Amino acid sequence: MNDDFKIISELNESNEAEVENGILDFIQNIVNDYKKGKKEYLKFLSSETVDVQELLSVLNKVRLIQKIHTCCGEIIESHNIEPNSEEYTLLTNDELYRHLDDLNKRVNSALINIQREYNELFDIDDGEEYSRVQKRRKKFRQYSDLLRSLYDAVNSFVNITAQSEHKSKTSHSPSQHLTKYDDVKTINFDTPYIYIKSKPLSFSFYNRKYTVANWTDLYAKFLGLLYNDNNYVDILKNLIGKSLYGHRIDFANKTLAHRLRRGVRITSDFFAEGNLNAPDLIKHVKRLLELCSIDSSQMIIEYITRNNFTDISEEPNEEDNSNDEPTGLETGIESKAEMPTETMAETKALNDNISNGITLKINGKVITAYDYSDALKNVCEFSINYKPFKMARIAGLAFKLRQKDVFYRTAVPVEDCNKLSNGLQVLNATSLSDLKSIVEMIKGYCEMPDDMITIV
């Protein structure tokens, strides 16, 4: 290996360690503050008299820090971070923004340096070093996702305020203003099919009301409430990789996010299928209420019919067809997989032929993919782990299928291709013949035993 490259790599790793320590120090403070904040709030239980404003101030600080603490849950668990200080220094929103902005800049700088090393490795034949750089890049991308989720948690936080009975009767909240429409009704979960031409205005969950822009927004906010509640978060996590209805998965972590047609980001490592029409989404909400043992009376959804949509000029129309082509991950992050660009008729015919999925046996493990492209992506991701250095260079061999390159290395999305974890894009497989041809190419190039990957 080039000595200059090795020195630069070691210096970068030293800087990365400082950035990582800064993130862990920040999380350590959150853990300390969360414990102390709860302790201060619980003091009110033994108080003879309570100043309402003081109570609300402490409660809101603890609620905010709990949201942040929940976002950091995986790192807290993996690093076994425990409270280690008696100091009580809950940060204000402005202070949190400043800390997060600073950490985000440092993480982005580290990612740029790692990417430069990654690019240089194409000229250095060292598979072990390539694997190390890949691990560093993955780790700092996870930190970047975490910081984004923390920023979202702070940005979306709303303080609880005291409201007198007189005020509650006369004030005009956004949700109250929306009820000016004459035909505002509530959803009946037993008849979801009649709401295909509906638009939600708000939902009340355990007597707290939330305004929404459309069905996807309602679903995301509802899932966010469940995920941030310790009573339900484990139930949602257990649904990752599973389906509430049909054979497509409805929930994913970052590893499985590519299998969602239109993923909706709930947290940094929890995504939901957003390619649902109104009846489908209502069925999903009902099923989640059942799984969480929540009575449907605690979830009241107000809606209007499509005839009155023009009255809400600021809101976009909701799509009806759950088979529409995906438009990317909602709430501001890119889609990790795009659907093939067949016509809807072709897509339906293809899905009819493989309605039970594609079964693969990869290194002794049986995997079911939902279509040929998903099966190919599973093969490629296994191959990247099996022979990372070879798979990093596979685009240079110009394998072709139907007069098109099978692999591409470009940051710009390529039509009819799926993005892989190592930055490559692979051509969609639209038939069993395509899948078999590409799999055989990969097996030969990576020098795999013939039975390592089989299509059952």
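Let me start with a definition: I call a residue buried under 20% relative accessible area, exposed over 50%, and partly exposed in between, with a 1.4 Å probe and protein chains only. With that in hand, look at Asn207, which is exposed, with a relative accessible area of 78%. Asn207 sits in the loop between strand 2 and strand 3 (208-211). Its phi is positive, about 70 degrees, although Asn207 is not a glycine.

Quick housekeeping. This is a predicted model, so local features need pLDDT of at least 70 and side-chain atom pairs count only at pLDDT 80 or more, while totals for chains, interfaces and linings use all residues. Residues are numbered from 1 along each chain as its sequence is written, and side-chain values use heavy atoms, with hydrogens and water left out.

Now the overview. The chain has 14 helices and 15 strands; those are DSSP runs, helices being H or I with at least four residues and strands E with at least two, numbered from the N terminus. There are 456 residues, and 46% of them count as buried. The chain exposes about 24100 Å², with carbon and sulfur atoms supplying 47% of that (Shrake-Rupley areas with a 1.4 Å probe; for residues, only the protein chains shown count as cover). As for contacts, meaning heavy atoms within 4.5 Å: among those between residues at least 6 apart in sequence, 67% join residues at least 24 apart.

You'll find Ala398 between helix 13 (388-392) and strand 10 (400-401), and at 41% relative accessibility Ala398 counts as partly exposed.

On to the rings. How many aromatic pairs does the structure hold? Nine. The rule is that rings of Phe, Tyr and Trp (its six-membered ring) pair if their centres lie within 6.5 Å; planes under 30 degrees apart are stacked, over 60 edge-to-face, and the rest tilted. Phe203 and Tyr210 make a stacked one, 5.1 Å centre to centre with 20 degrees between the planes. Phe203 is buried, at 0% relative accessible area.

Then there's Phe205 with Phe222, an edge-to-face pair at 5.6 Å centre to centre and 90 degrees between the planes. Phe205 belongs to strand 2 (residues 198-205) and Phe222 to helix 8 (residues 215-227), so this pair ties together parts that are 17 residues apart in sequence. Both partners are buried: Phe205 has a relative accessible area of 8%, and Phe222 is at 0%. Ring pairs link Phe205, Tyr206 and Phe222 into a cluster.

The charged end of Lys390 sits over the ring of Tyr445, 4.8 Å from its centre. "Over" here needs NZ of Lys or CZ of Arg within 6 Å of the ring centre and within 35 degrees of the ring normal.

Next, the cores. In soluble globular proteins, nonpolar side chains tend to be buried together. By a nonpolar core I mean a set of buried Ala, Val, Leu, Ile, Met, Phe, Trp, Tyr and Cys residues joined through side-chain atoms within 4.5 Å. The largest one has 37 residues, and Leu288 and Met299 touch the most other members. Which element gives the largest share of this core? Helix 8, with eight residues. Other than neighbours up to four places away in sequence, Leu288 touches Tyr219, Phe222, Leu223, Leu226, Leu236, Leu239, Leu244 and Phe251. Apart from this core lies another, of 35 residues, including Tyr143, Leu150, Val154 and Phe157.

Let's finish towards the other end of the numbering. There's an open sheet of three strands in the order 12-14-13, with antiparallel pairing; strands pair if DSSP finds at least two bridges between them. Strand 12 (407-408) and strand 13 (417-419) are the edges, each pairing on one side only. Strand 13 and strand 14 (residues 425-427) pair over three bridges, and Cys417 stands opposite Leu427 in strand 14.

Last stop, Thr454, in strand 15 (residues 453-455). Thr454 is partly exposed, with a relative accessible area of 28%. Leaving aside neighbours within four places in sequence, Thr454 is in contact with Thr359, Leu360 and Lys361. The C-alpha atoms of Thr454 and Val366 are separated by 9.6 Å, with the two residues 88 apart along the chain.
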